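Subject: Structure for your files

Hello,

Here is the structure we spoke about, with notes on what turned up in it. Please look through the coordinates before reading on.

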Amino acid sequence: MAERQNIPGSEYEEFEDLQEYFEAPRTRKPKPKRTSDDLLPGVVVRARGHHFDVQIEGTENGRHGASGDVRVCEVRGRLLQERGRDTLVAVGDRVWVKPDGARRGLIERVDERHSVLSRQHPGVSVPAEDVILANPDQALLVFSVTQPEPHLRMLDRFLVIAEANELPAIICANKIDLTGEDHAASIFGRYAEIGYRVIYASAETGAGIAELKAQLTDTITVLAGPSGVGKSSLLNAIHPALNIQVGDLREVLDKGRHTTRAARLFRLPFGTRTYVADTPGIRELGLYEIDPQNLGFYFREFAPYIHECRFPNCTHDHEPGCAVRAAVDEGKIDGERYESYVRLLHGEE
Ligand SMILES: Nc1nc2c(ncn2[C@@H]2O[C@H](COP(=O)(O)OP(=O)(O)OP(=O)(O)O)[C@@H](O)[C@H]2O)c(=O)[nH]1
Ligand SMILES: [Mg+2]
Ligand SMILES: [Zn+2]
């Protein structure tokens, strides 16, 4: 019998590829790569306070028992001192673990991140990075067309963060069952016009789910957005076996209660390398290390006008001869997007 690992939160991995595990011949015992100092490579799949669940590389298919080798790890003290306030270890990080018994370990090293979705750490006044997901290939920014109403200023901030980090962004307008797709397009169509992919979806009816699934296949995607928009519901619609807990809408709308508490990375059994991260709803999305001088470059529809301004250092705010503002006046740039730009320029939420 497979040894069942009772690591909290690994309920999904427990039934993943059971079939393959039972059919696997004995000779297919894991041979994890080892370095000379006997560290195991892995990826952080869940963070809970000072503990991290690390999936050891090459064990995703249940070869260490049905759940694979998922170890609850702490971070080596010396590492903690080295990196100060910024997120030291985040979900999605590739790490090296020193095993401690069968189920625990110590994170000894964190590989350099090749990409990141991050924000200014909420609740601290000094600049500090809060990593939402390490090493994503793309971000799926989920907003609902209603319940809750779309928070487009937050979407614009997400898009700035994605552009600044060179992270491809896709927009998902969820809950179209409640308004119809025409209404949804009247809100989100402006993003399609400036070149973002917008997927209209309903976790309820299944609309757009096949399109989403195709977009996620063979990439590492982080789902992000406000609370209650249906991030977890969409993932369940894409892959029902995930069975992620979803919220009670009244609790979300009336009490602002979040359902998903911590980011979690899941491997999905289609494609060869399909990972999705579910993240908690976001209330505050401050920009981290984004120079206001460059802000105009992160509004992609400004690009044709930026070099036409009278002053080369134009901030497109108050200067005479500003080609961006002229484009707004002529209706070539969406006024709401420009308003988002001005607010960010002045450091407002
Ligand atoms: N009508 C309708 N309701 C939906 C849809 N998708 C999700 N919901 C409902 O919206 C509520 C919130 O869904 P969740 O999936 O928990 O939202 P979430 O974005 O994961 O929220 P957090 O985990 O708090 O960030 C639940 O009551 C869902 O049933 C949809 O497409 N249509
Ligand atoms: Mg959720
Ligand atoms: Zn200008």
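**What was found**

Helix 7 contributes the most to the shell around ligand 1, with 3 residues. Before the rest, please note that this is a predicted model.

**The ligand shell**

In this model, ligand 1 is surrounded by 24 residues, and the closest of them are G230, S232, S233, T260 and G281. Two elements give two or more residues to that shell: helix 7 (231–238) and helix 8 (249–255). Sorted by class, the shell has 12 polar, 7 nonpolar and 5 charged residues.

**Confidence**

The protein has a mean pLDDT of 87, and 85% of its residues reach 70 or more. Residues 1–27 are another matter, with pLDDT below 50. The model does give this stretch 41 contacts beyond near neighbours in sequence. Where pLDDT is low, the predicted coordinates should not be read in detail.

**Overall make-up**

The protein has 11 helices and 13 strands. Of its 349 residues, 38% are buried. Taking contacts between residues at least 6 apart in sequence, 65% join residues at least 24 apart.

**The core**

The largest nonpolar core has 83 residues, of which L141, C172 and A173 touch the most other members. Helix 4 (residues 152–164) supplies the largest share of this core, 7 residues.

What does C172 contact once its neighbours within four places in sequence are left aside? The partners are L140, L141 and V142, then I199 and A201, and finally L212 and L234.

**Helix 5**

Helix 5 covers residues 181–193 and bends by about 55 degrees at I187. Its buried residues are A184, F188 and Y191. An α-helix has 3.6 residues a turn, so residues three or four places apart point the same way. The buried residues of helix 5 pack against strand 9 (169–174) and strand 10 (197–200). Just after the helix, G195 has a positive phi of about 100 degrees.

Regards

Definitions and conventions
Residues are numbered from 1 along each chain as its sequence is written. Chains are lettered from A and ligands numbered from 1 in the order in which they are written. This is a predicted model: local features need pLDDT of at least 70, side-chain atom pairs count only at pLDDT 80 or more; totals for chains, interfaces and linings use all residues. pLDDT is the predictor's confidence in each residue, from 0 to 100. Two residues are in contact if their C-beta atoms, placed from the backbone, lie within 7 Å. A residue is near a molecule or strand if its C-beta atom, placed from the backbone, lies within 6 Å of it. Helices (H or I, at least four residues) and strands (E, at least two) are DSSP runs, numbered from the N terminus. Ala, Val, Leu, Ile, Met, Phe, Trp, Tyr, Cys and Pro count as nonpolar, Asp, Glu, Lys and Arg as charged, and the others, Gly among them, as polar. A residue is buried if 20 or more other C-beta atoms lie within 10 Å of its own, exposed if 12 or fewer, and partly exposed in between; C-beta atoms are placed from the backbone. The bend at a residue is the angle between axes fitted to the seven residues ending there and the seven starting there. A nonpolar core is a set of buried Ala, Val, Leu, Ile, Met, Phe, Trp, Tyr and Cys residues joined through C-beta atoms within 7 Å.
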